[in-house]
Amino acid sequence: MSIWTYRDYAAYSSRAMGELVKVRRCIYCESELEYLLITQREYLAADAVTQEMARHVHVCNVCGWWTVNNVVFGNYDDQYSRGGFSRRMHGSAGSLRQLDLADIDTPLREIRSYLMAKSSAIDRIHPRLLEETVAAVFSDLGFRSRVTAYSNDGGIDVILDGPSDTTIGVQVKRWKDRIRAEQIRAFTGALLVNKLTAGIFVTTSSYQPGAEKTSKLAAECGLPIVLMDASRFYAALRITQRRAYSDDDVIRAPFKDAPMMLISYSNEEWNGWEVPE
Ligand SMILES: [Zn+2]
């Protein structure tokens, strides 16, 4: 199941949908959209002589949002037709589903895209899923990563090997308040107990000045600890996001069969597009 579903057209005017398919930056994560031309073919439909010119798809490769629009020529018999051929522009766009981030079985790929599309959702994510997401991001950055056993309460949630010879212990903290010095001190202890010589602390919030000072002190004693706050984590997640749709996916992608809404039409005189009321 994709995290994307179709827009509820009842809640959309033709004009609003027309504006939406013109957007070139993702309305969810603000990344630039990639353009895909899906079809360019002609066919004779049973009910009308129809020529489908092209299906223009714009996708966000960071979170997976998409829009689609096409122009069709046809012999229509409806309120917008004044006899003969007319052109129609149709459009559709993705809408974010509610994803259950407390469900441990949710695929990581979906979790990652969902977090990009809706960053506030990170406050609801199951701690285990967050650890797995962090591990996956570091693995995409070139580390060998593994999530430690859930029962491990030593404070090391993920262990990273390499790219150099260092083994790094990671603590992942879904946390509302800023991280305090004591939490970094406890993490320092956990690293020492586990014989780890470097650490990364990842939180969904940020750090108090005392926490930063503690990590500096630890570094001076030969135990470097990187503090990763929510915005640094999102930056890392963003650069490790894969293309939302591979060429194979395009065949099955949600925009492929999206119900299209009439955005505008143009009659035989071809002098401009009109928006249906
Ligand atoms: Zn996006």
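In which loop is D157 found? D157 is found in the loop between β6 (144–147) and β7 (158–161), where helices (H or I, at least four residues) and strands (E, at least two) are DSSP runs numbered from the N terminus. The model is predicted, so that local features need pLDDT of at least 70 and side-chain atom pairs count only at pLDDT 80 or more, while totals for chains, interfaces and linings use all residues. Residues are numbered from 1 along each chain as its sequence is written, and side-chain values use heavy atoms, with hydrogens and water left out.

With a relative accessible area of 12%, D157 is buried; buried means under 20% relative accessible area, exposed over 50%, and partly exposed in between, for a 1.4 Å probe and protein chains only. Leaving aside neighbours within four places in sequence, D157 is in contact with E131, R146, V147, T148, V170, Q171 and V172, contact meaning heavy atoms within 4.5 Å. The C-alpha atoms of D157 and R128 lie 8.9 Å apart in space, and the two residues are 29 residues apart in sequence.

The protein as a whole has 7 helices and 11 strands. Of its 277 residues, 49% count as buried. Among the contacts in the protein with a separation of 6 or more, 60% are accounted for by residues 24 or more positions apart.

A zinc ion is coordinated by the SG atoms of C26, C29, C60 and C63, at 2.2 to 2.3 Å. Donors are N, O and S atoms within 2.8 Å of the metal (3.2 Å for Na, K and Ca); water is not among the atoms, so sites may look incomplete. The angles among the 4 donor atoms run from 97 to 122 degrees, and the site of the zinc ion is tetrahedral. Four donors count as tetrahedral if all angles lie between 85 and 135 degrees. Along the chain, the donors of the zinc ion follow the spacing C-x2-C-x30-C-x2-C.

E30 is exposed, with a relative accessible area of 59%. A positive phi, of about 60 degrees, is likewise found for K195, which is not a glycine. K195 lies in the loop between α4 (181–193) and β9 (198–203) and is exposed, with a relative accessible area of 74%.

Strands β3 and β4 each contribute a residue described here. V57 lies in strand β3 and counts as buried at 0% relative accessibility. T67 lies in strand β4 and is buried, with a relative accessible area of 0%. Leaving aside neighbours within four places in sequence, V57 is in contact with E34, Y35, L36, I38, T67, V68 and F255. The C-alpha atoms of V57 and N69, which are 12 residues apart along the chain, are separated by 6.6 Å.

Helix α2 (residues 108–117) packs against helix α3 (residues 127–140) at an angle of about 90 degrees, with the axes 10 Å apart. Axes are lines fitted to C-alpha atoms, for helices over the stretch in contact, and angles run from 0 to 180 degrees between N-to-C directions. The angle makes α2 roughly perpendicular to α3, a term for angles of 65 to 115 degrees. In this contact, L108, I111, R112 and L115 of α2 meet L129, E132, T133, A136, V137 and D140 of α3. These residues divide into 6 nonpolar, 1 polar and 3 charged. Ala, Val, Leu, Ile, Met, Phe, Trp, Tyr, Cys and Pro count as nonpolar, Asp, Glu, Lys and Arg as charged, and the others, Gly among them, as polar.

Helix α2 is largely enclosed by the rest of the structure, because 8 of its 10 residues are buried. The buried residues of α2 are E110, I111, R112, S113, Y114, L115, M116 and A117. The elements that cover them include β1 (4–6), β5 (85–96), α3 and α6 (230–240).

Key: Parallel < 35°, antiparallel > 145°, perpendicular 65-115°, else oblique. Tetrahedral: all angles 85-135°; square planar, octahedral: opposite > 155°, others 65-115°.
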